[in-house]
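Keep the structure open as you read.

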Amino acid sequence: MNVEAPSSLYLDLSPDTDSMMESVREGLTSDKKTLPSKYFYDARGSQLFDKICELEEYYPTRTELSILKKNLSAIRTRLGESIVLIEYGSGSSTKTRLLLDNVPSIQAYVPIDISREHLLIAADAISRDHGHIDVLPVCGDYSHAIDLDLSTTYQARSCVFFPGSTLGNFSREHAISFLRRVRDMVGNEGGLLIGLDLVKDVSVLHAAYNDAEGITAQFNLNILQHLNDRLSCGFDLRGFEHRAFFDPVEERIEMHLLSLRDQSIMLDGEPIHFLEGETIQTEYSHKYRISSFKEMAKQAGFEVSAIWNDDQDYFSVQYLNAIPA
Ligand code: AVJ
């Protein structure tokens, strides 16, 4: 048997400690304190996120999976003859397996994730189970441009897979510029298969980000542990509490960490103070409407060519074609 295991990265673009320090400093010294949500995903954070995906209250993962399962043959048709599949924020790659198992035209799979260990474990497993597909893991932060040129290696169209409504982490403006970068990368013939969480009853949304077991709270607080581990800043995790709520104007969930008392930490020799009741905003999770997303896609150079929703219209999987330049 021919076992090809990518025990190392195809490309390593992971942010170094200096750039992490810089972006954390910028977020924590601004008027309204924020932290980039990419720092959720250290090894423990990636595990906690996997647990979130199994929660009763967290409907997006299973809803998206069921949409993908139900529409596999239509998706296969859209993806076409021979493709390189590039996945942003691949994590454990559970949804991808469905595609890799059922779309024989996939020649190469490029998982991109910021969490190196998680990425390598998932890439190894996938490569073991799919001997005929080249697996090329890239460790990196896709909120910046990633320069991938696979067109000389593969005679294939590029298609990006961006499931989980992870696009929702970006502000609407940044989402459009992100989509534009994806559009540039996949080229005139390229495509994008994307999952989008839809606007729905507030109580359903609220429960998904405030689960009874408190896993989402642990996930949120873990960002401070990650900063302690990497930047030695000495956050006391007992001094902060998880908050998540829906903003009906922006149509997004906001996650925050609420400071339970006046306290301070040290960041690279400089103290940073937190007042009692002050919050650090850690994540946005924008919810979409079919019509407004179509407009965003168009601005980024994509045309929505197929839409698959679940019966309750909780979640939408869409296939977008590049509008040729
Ligand atoms: C991975 C960004 C799609 O926004 O729902 C889950 C992350 N945060 N629970 C989301 C998350 C809290 C998730 N995304």
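Axes are lines fitted to C-alpha atoms, for helices over the stretch in contact, and angles run from 0 to 180 degrees between N-to-C directions. With that in hand, take helix H2 (residues 43–54) and helix H9 (residues 215–231): they pack at an angle of about 160°, and their axes are 9 Å apart. Angles over 145 degrees count as roughly antiparallel, so H2 is roughly antiparallel to H9. Note that this is a predicted model.

**H2 and H9**

- The crossing of these two helices, H2 and H9, is left-handed.
- H2 brings Arg44, Gly45, Leu48, Phe49, Lys51 and Ile52 to the contact.
- H9 brings Ile215, Thr216, Gln218, Phe219 and Asn222.
- Sorted by type, the residues of the H2 and H9 contact are five nonpolar, four polar and two charged.

**H7 and H10**

- Helix H7 (residues 172–186) packs against helix H10 (residues 290–299) at an angle of about 50°.
- The axes of H7 and H10 are 8 Å apart.
- H7 and H10 are therefore oblique to each other.
- The crossing of H7 and H10 is right-handed.
- On the H7 side, the contact is made by Arg172, Ala175, Ile176, Leu179 and Arg180.
- On the H10 side, the contact is made by Phe293, Met296 and Gln299.
- The residues of the contact of H7 with H10 comprise five nonpolar, one polar and two charged.

**H4 and H5**

- Helix H4 (residues 72–79) and helix H5 (residues 94–102) pack at an angle of about 70°.
- Their axes, those of H4 and H5, lie 11 Å apart.
- Angles of 65 to 115 degrees count as roughly perpendicular, so H4 is roughly perpendicular to H5.
- Leu72, Ile75 and Arg76 of H4 meet Leu98, Leu99 and Asn102 of H5.
- Here, in the contact of H4 with H5, four residues are nonpolar, one is polar and one is charged.

**Around the ligand**

- Which residues come nearest to the ligand? Of the 14 residues around the ligand, they are Tyr58, Gly164, Tyr209, Glu283 and Ser285.
- Tyrosine 58 has a polar side-chain atom 2.5 Å from an oxygen atom of the ligand.
- For tyrosine 209, a polar side-chain atom lies 2.6 Å from an oxygen atom of the ligand.
- In serine 285, a polar side-chain atom is 2.7 Å from an oxygen atom of the ligand.

Notes:
Residues are numbered from 1 along each chain as its sequence is written. This is a predicted model: local features need pLDDT of at least 70, side-chain atom pairs count only at pLDDT 80 or more; totals for chains, interfaces and linings use all residues. Side-chain values use heavy atoms; hydrogens and water are left out. Helices (H or I, at least four residues) and strands (E, at least two) are DSSP runs, numbered from the N terminus. Angles under 35 degrees count as roughly parallel, over 145 as roughly antiparallel, 65 to 115 as roughly perpendicular and the rest as oblique. A crossing is left-handed if the near helix is turned anticlockwise from the far one by less than a right angle, and right-handed if clockwise. Contact means heavy atoms within 4.5 Å. Ala, Val, Leu, Ile, Met, Phe, Trp, Tyr, Cys and Pro count as nonpolar, Asp, Glu, Lys and Arg as charged, and the others, Gly among them, as polar. A residue is near a molecule or strand if one of its heavy atoms lies within 4 Å of it. A polar contact is a pair of N or O atoms within 3.5 Å; within protein, one must be able to donate a hydrogen and the other to accept it, and residues adjacent in sequence count only if both atoms are side-chain atoms.
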